[in-house]
Amino acid sequence: MAFYGREQQQKKINGILQKNTLQAALIFGRRRVGKSELIKQCLKKTEIPQLVYECKQTTELNNVESLSTLISEEFHLPRLGFGSMEALLDYLFRRAEKEKMVLVLDEYPYLRETSAGIDSILQSLIDRYREVSSLKLILCGSYVEIMKSLLARENPLYGRVDLTIDLKPMDYYESAMFYPDFSAEDKVRLYSVFGGIPYYNRLIDASLSVKENIQELISAPGARLENEVSMYLKSEISKIANANEVFEALSKGFSKYSDILSQSHVSSGPTLIDILDKLIRMEVVEKQAPINDADNRRRSGYFIIDNLSLFYYRYIFRFLSQRSVLDEDVFYDRYIREDFETQYVPRAFESICRQYLIRQNRAGRIRPAFDKIGKYYYDDPRTRTNGEFDTVTEDPQGYIFYESKFRKESLSPAMIGEEIRQVRATGLKCYRYGFFSQSGFQCEPSDDMIFIHLNEMY
């Protein structure tokens with residue numbers, strides 16, 4: 001199966017594999033984001049002997065015996081007997097004095113649960129063998145909060161890690177590599193549901209339509225990913241009922257703290273804060289503040305940034321009772337189709353446009369490069385109105401406003417002029433205006449206007 005994207009991360013991992021000295025790497029990210037596959041792809045390109053061990057939720061002795069068996073098989077040795085994980089790891093660090101070796105401890109948090117003081121043990125071994133061993137130690141894990149704690153000043157491993165990779169979901173462009181045969185419009189639709197998680201995108205069937213893929217994978221009873229969201233949440237959150245309440249409120253478009261509290265029926269403010277903080281640490285929810293008032297908590301909002309979770313709570317969880325008694329086509333047409341096309345996908349398109357701008361900015365294709373991108377909050381005391389523009393960039397010359405239109409009609413000069421008039425009426429002073437369009441434009445861009453057709457983004 002082909003491997004897509006992650007060029008920068010591959011380059012970094014390959015870099016430590018080529019070094020002749022002891023190297024320690026920390027690779028973490030949420031479930032299904034592709035950590036293990038990334039490591040596997042890098043190891044394919046090296047002749048260095050390698051041990052890839054997936055830690056188990058079991059006793060220390062069981063992990064020791066399983067890893068010992070792997071060592072014996074890899075190095076063609078008789079059965080080895082170690083009394084502890086410390087003794088086993090010491091053996092590998094010593095063995096790597098004579099030859100390069102890679103040791104991957106996948107799902108490292110499981111090992112921490114059963115091997116007391118394993119962080120301190122690794123710290124002691126790294127310090128002892130730093131100048132003489134050429135072991136490449138890679139610690140990998142899906143429990144992001146635990147893995148990040150290894151970098152904290154109070155953790156024994158602080159200062160011992162040579163490479164840290166916080167692996168994020170792919171953006172819209174890399175995700176589309178998994179389904180190249182679809183049109184640009186359908187790539188937007190697929191990304192709006194399955195997001196940047198490689199595991200989900202590998203399941204998309206090019207022989208099926210977007211609707212059929214959605215039904216097969218998430219919306220129909222018995223779908224492949226039917227329980228994916230709830231299982232992920234249950235693995236990290238004890239009070240799942242509260243999380244369900246918060247997710248359902250967010251999926252309906254409530255983003256302000258006070259609105260979420262009133263809509264979600266969560267018992268108290270502190271409880272809501274705890275849940276939101278947990279979801280943010282899990283990287284499925286994000287707190288966003290306007291770029292022109294980043295410190296104002298009242299103007300900040302909470303948003304689901306995992307597309308499958310957003311789709312699930314907006315359409316599946318919300319209508320579970322109806323789904324259980326309806327034909328899957330009837331359910332899709334009645335509860336998903338219209339809202340999906342007119343509200344859900346256009347909102348996802350706005351996110352894709354921001355990702356496109358960030359990609360272009362990092363590649364040096366935007367001049368001058370912008371320093372900030374995000375929402376812009378406006379407050380007009382004359383009309384007693386306030387609101388937000390979804391995509392505004394700020395660079396040394398000022399602001400650029402962007403509008404994203406995912407609809408079949410091309411943008412006319414009158415439509416563009418009306419958008420610009422509305423922006424100026426709020427007092428936002430822009431030196432340029434940008435427009436993204438699914439269906440093109442009926443006029444040509446000018447010095448103060450940027451036109452970007454959907455097809456250009458792919």
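Contact, in these notes, means heavy atoms within 4.5 Å. I'm working from a predicted model, where local features need pLDDT of at least 70, side-chain atom pairs count only at pLDDT 80 or more, and totals for chains, interfaces and linings use all residues. Residues are numbered from 1 along each chain as its sequence is written, and side-chain values use heavy atoms, with hydrogens and water left out.

**Glu228**

I started with Glu228, which sits in helix H12, residues 228–236. (Helices are DSSP runs of H or I with at least four residues, strands are runs of E with at least two, and both are numbered from the N terminus.) Skipping residues up to four places away in sequence, I found Glu228 touching Arg31, Arg32, Tyr200 and Leu308. With Tyr200 there is a polar contact, side chain to side chain, at 3.3 Å. (That term means a pair of N or O atoms within 3.5 Å; within protein, one must be able to donate a hydrogen and the other to accept it, and residues adjacent in sequence count only if both atoms are side-chain atoms.)

Is Glu228 buried or exposed? It is buried, at a relative accessible area of 6%. (Buried is under 20% relative accessible area, exposed is over 50%, and partly exposed is in between, using a 1.4 Å probe and protein chains only.) I also looked up Ile218: its C-alpha is 8.8 Å from that of Glu228, and the two are 10 residues apart in sequence.

**H11 and H16**

Ile218 took me to helix H11, residues 210–219, where Val210, Asn213, Ile214, Gln215, Leu217, Ile218 and Ser219 are buried. That makes 7 of the 10 residues, so H11 is largely enclosed by the rest of the structure. What covers them? I noted H9, H16 (307–316), H17 (320–325), H18 (328–335) and H19 among the covering elements.

H16 was next on my list, and 10 of its 10 residues are buried, so it too is largely enclosed by the rest of the structure.

**H9 against H19**

I then checked how H9 (residues 184–194) packs on H19 (residues 337–362): the angle is about 90 degrees and the axes are 9 Å apart. (Axes are lines fitted to C-alpha atoms, for helices over the stretch in contact, and angles run from 0 to 180 degrees between N-to-C directions.) So the two helices are roughly perpendicular. (Under 35 degrees is roughly parallel, over 145 roughly antiparallel, 65 to 115 roughly perpendicular, and the rest oblique.) On the H9 side I listed Val188, Arg189, Tyr191, Ser192 and Val193; the H19 side includes Phe340, Glu341 and Tyr344.

**Ser264**

Ser264 belongs to helix H14, residues 257–264. I read a relative accessible area of 0%, so Ser264 is buried. Its side chain reaches the backbone oxygen of Ile260 at 2.6 Å. Beyond its neighbours within four places in sequence, Ser264 is in contact with Glu245, Val246 and Ala249.

**Arg95**

Arg95 lies in helix H4, residues 85–95, and is partly exposed, at 21% relative accessible area. Leaving out neighbours within four places in sequence, I found Phe75, Leu77 and Met101 in contact with Arg95.

**Whole chain**

Last, I stepped back: the protein chain has 20 helices and 12 strands. Of its 458 residues, 51% count as buried. Its C-alpha atoms fill a box of roughly 80 × 55 × 50 Å along the principal axes.
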